[in-house]
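Please look through the structure shown below before reading on. The report that follows takes up a few of its parts in turn.

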Amino acid sequence: MTSVALLGIDIGKHTFYLHGQDQHGHQVLRKKYSRRQLIDVLANTPVCTVVMESCAGAHWLARKLAESGHQVKLIAPQYVKPFLKGNKNDYNDAEAICEAAARPSMRFVAVKTPEQQTLSALHRLRESLIAHRTAAINQVHGFLLEFGVSLPIGMASIQRLPALLDDPVHALPPRLVQVLLRLHARIKGLSAEIKDIEAELARQLQDDDAGRRLLSIPGIGPISASALAAEAGDASQFKCGRDFAASLGLVPRQYSTGGKQTLLGISKRGDKHLRRLLVQGARAVMQRADRRDDALGTWLRGLLGRRHSNVVACALANKLARIVWAVLAKGGQYQPHPHAV
């Protein structure tokens, strides 16, 4: 272990496979450890560069190893796959991680703090509850449609469901009424849980300086700001705003060859949750484009006159992502430009 300069770890639930290389790239270590053994061994190992895939448990382990003085780097799994040689196994995966990390142009993932991971967990829970509520609402619509009752779209009709079930005009079977009432109670409970999580996100956002500064950007509300603060992390890892927008899949996908440049739709890479929030925020800004008298409003109105609204929404989401990067990487708040450039 004394000659290890670069250590790749293939993370498992209980077992961890290590591949170590010296400063010349030669293999000097090939070991397997349990979780407890790994922490103890690396705590007494000379300082080296430790590289892992950015997957479940990687951020916690990265913080743990950093406490021992190691330089820890995380790589997105899709960047490791091209360096896998031969058949896939745990040792070959660890070797591929080392090979990928040795590339001078490799891009790494910032290690999240416990606070960022907590915010991310709340967002995932909120998304799960929204999906369950949507499924329950669709069931209500489907069951009623089987008996010739068509409800309007929206939560207002669901809130009036008990009154509709008491209406003798529909003459629904009593047992079906009980099923629908159970679904209605479930929808109310899920809505209450979602509101509680959103309130918790708002409270945590008040303690985050970066999150509060993000609220100054048009189209960025508490949900989007907390999600960006949790997932984007240290935006200084990106050289410019375009790199950050590209990491979220908000730039054109290329299929260029033979000197001929071909641009397609957006690439849709990266975190789809952040991308969806930015596009939704862009659509909210578009609805009030006539009220904006700054450079952003002038640019937006001109683009709406030339292109389809879906194209404009993606273009504006790209611009918002660049503004987010500037606020996170350079500090300060968003200041609207008074005149179009």
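Predicted model: local features only at pLDDT ≥ 70, side-chain atom pairs only at ≥ 80, totals over all residues.

## Helix 8

Helix 8 runs over residues 174-206, which makes 33 residues, and from its first C-alpha to its last it reaches 49 Å, a span close to the 48 Å expected at 1.5 Å a residue.

Helix 12, with 16 residues (272-287), spans 23 Å between its first and last C-alpha atoms, which is close to the 22 Å expected at 1.5 Å a residue. Its buried residues are His-273, Leu-274, Arg-275, Leu-277, Leu-278, Val-279, Gly-281, Ala-282, Val-285 and Met-286, and these pack against helix 5 (114-145), helix 10 (222-231), strand 7 (263-266), helix 13 (295-304) and helix 14 (309-330). At the start of helix 12, the backbone nitrogen of His-273 has a side-chain oxygen of Asp-271 within 2.9 Å of it.

The loop between strand 7 and helix 12 holds Lys-268. Is this residue, Lys-268, buried or exposed? Lys-268 counts as exposed because its relative accessibility is 57%, and the cut-off for exposed is over 50%. Although Lys-268 is not a glycine, it has a positive phi of about 60 degrees. For background, most residues other than glycine have a negative phi.

## Two single residues

Ser-120 has its place in helix 5, and it counts as buried because its relative accessibility is 2%, where buried means under 20%. If neighbours within four places in sequence are left aside, Ser-120 is in contact with Lys-112, Ala-230 and Glu-231.

Thr-298, which is found in helix 13, counts as partly exposed because its relative accessibility is 38%. The C-alpha atom of Thr-298 is separated by 55 Å from that of Phe-16, a residue 282 places apart from it along the chain.

## The largest pocket

The largest pocket holds about 1,700 Å³ of space. It is lined by 48 residues, of which Val-109, Phe-238, Ser-247, Gly-270 and Asp-271 are the closest to its centre; Asp-271 is also the residue whose side-chain oxygen reaches towards His-273 at the start of helix 12.

Which element gives the largest share of the lining of the largest pocket? Helix 5 does, with 6 residues, while helix 2 (58-66), helix 3 (77-80), helix 11 (241-247), strand 6 (252-254) and helix 12 are among the elements that each supply at least two. Sorted by class, the lining of the largest pocket has 20 nonpolar, 16 polar and 12 charged residues.

## The cavity

How many cavities of 30 Å³ or more does the structure hold? It holds 1, and the space in the largest cavity comes to about 30 Å³. Phe-83, Lys-85, Asn-92, Glu-95, Ala-96 and Glu-99 form the lining of this cavity, which by class has 2 nonpolar, 1 polar and 3 charged residues.

Conventions:
Residues numbered from 1 in each chain as written. Heavy atoms only, no water. Helix = DSSP H or I, 4+ residues; strand = E, 2+ residues; numbered from the N terminus. Expected span 1.5 Å × (residues − 1). Buried < 20%, exposed > 50% of the residue type's maximum accessible area, 1.4 Å probe, protein only. Contact = heavy atoms within 4.5 Å. Polar contact = N/O pair within 3.5 Å; in protein donor to acceptor, adjacent residues only side chain to side chain. 1 Å grid on protein atoms, 1.4 Å probe; cavity = no way out; pocket = protein on both sides within 12 Å on 5 of 7 lines; lining within 4 Å. Points joined across faces, edges and corners; volume = space filled by probe spheres on them. Nonpolar A, V, L, I, M, F, W, Y, C, P; charged D, E, K, R; others polar.
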